Amino acid sequence: MSVLALPLTILRIQYRIARIPLQLIETNVVVKMDAESPARLAYEHTLGSLDRAVGNLLGDRSLADRGETLVDSTENRAEAARLDAEARAKKTAADADLKTARETAEQDRRAADAAAQEAARDARQEAEQRKREAAQEAKREAAAKKKKADEQAAAA
């Protein structure tokens with residue numbers, strides 16, 4: 001047994017004792033939080049970093065590995081939360097763009113309907129005007145023919 005073995009063993013035991021309140025906080029408070037909540041991720045990342053540092057310092061490979069696993073897990077969950085937030089933001093923007101496009105299309109459709117109705121109304125009015133003009137022209141021609149016939153009859 002080396003000279004440092006006994007003091008390191010004592011330090012490991014002391015760390016386990018010192019970690020008990022942190023473990024109680026984790027089991028009674030932290031586990032009730034959402035897995036991707038910033039407070040939970042910060043707590044678990046800090047605890048994992050502490051375990052990793054103490055494990056490396058005291059030569060406790062299992063403690064260092066447990067700390068490394070916890071740090072990796074929190075970093076992965078934080079990245080997943082960031083990606084989820086980014087996806088939600090993109091979806092919200094896409095929904096807003098879709099809504100705007102639909103509203104624009106509806107406005108264009110209404111404008112086209114109004115233009116078609118106006119064009120049909122203008123065509124009807126123009127047709128009625130030509131009909132009136134044709135009727136007036138027919139009356140003038142009939143009057144002119146009647147006048148000519150009357151003049152011919154009077155001259156005869």
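Student: If buried means under 20% relative accessible area, exposed over 50% and partly exposed in between (1.4 Å probe, protein chains only), is Arg40 buried or exposed?

Tutor: Arg40 counts as buried, because its relative accessible area is 14%. Bear in mind that this is a predicted model, in which local features need pLDDT of at least 70 and side-chain atom pairs count only at 80 or more, while totals for chains, interfaces and linings use all residues. Numbering starts from 1 along each chain as its sequence is written, and side-chain values use heavy atoms, without hydrogens or water.

Student: OK, and where is Arg40?

Tutor: Arg40 belongs to helix 2, which covers residues 38-58; helices here are DSSP runs (H or I, at least four residues), numbered from the N terminus.

Student: What is Arg40 in contact with?

Tutor: Once neighbours within four places in sequence are set aside, the residues touching Arg40 are Val30, Val31, Met33, Asp34, Ala35 and Arg77, where contact requires heavy atoms within 4.5 Å.

Student: Before I go on, what is the mean pLDDT of the protein chain?

Tutor: The mean pLDDT (the predictor's confidence in each residue, from 0 to 100) is 91 for the protein chain, and 99% of its residues reach 70 or more.

Student: Which elements have the lowest and the highest mean pLDDT?

Tutor: The lowest mean among the elements of the protein chain, 89, is that of helix 1, whereas helix 2 has the highest, 94.

Student: Staying in helix 2, is Asp51 buried or exposed?

Tutor: Asp51, which sits in helix 2, is classed as buried because its relative accessible area comes to 1%. Apart from neighbours within four places in sequence, Asp51 is in contact with Tyr15, Arg19, Leu63, Ala64, Arg66 and Gly67.

Student: And Gly48, buried or exposed?

Tutor: Gly48, another position in helix 2, is buried as well, since its relative accessible area is 0%. With neighbours within four places again left out, Gly48 is in contact with Gly67, Glu68, Leu70 and Val71.

Student: How far are the C-alpha atoms of Gly48 and Lys90 from each other?

Tutor: They are separated by 32 Å, the two residues being 42 apart along the chain.

Student: Switching to charges, how many salt bridges does a search of the whole structure find?

Tutor: The search returns 16, a salt bridge being a side-chain nitrogen of Lys or Arg within 4 Å of a carboxyl oxygen of Asp or Glu. Among them is the pair Arg16 and Asp60, whose closest N and O atoms are 3.8 Å apart.

Student: What does Asp65 form a salt bridge with?

Tutor: The partner of Asp65 is Arg61, and their closest N and O atoms lie 3.3 Å apart. The two are separated by about one helical turn because they are four residues apart in helix 3. Asp65 is partly exposed because its relative accessible area is 38%, while Arg61 is exposed because it has 52%.

Student: And Glu106, what does that form a salt bridge with?

Tutor: Glu106 pairs with Arg110, the distance between the closest N and O atoms being 3.4 Å. Here too about one helical turn separates the residues, because Glu106 and Arg110 are four residues apart in helix 3. Glu106 itself is partly exposed, because its relative accessibility is 27%.

Student: Last one: which residues are linked in a network of salt bridges?

Tutor: Such a network links Glu79, Arg82, Glu86 and Lys90; Lys90 is also the residue whose C-alpha atom lies 32 Å from that of Gly48.
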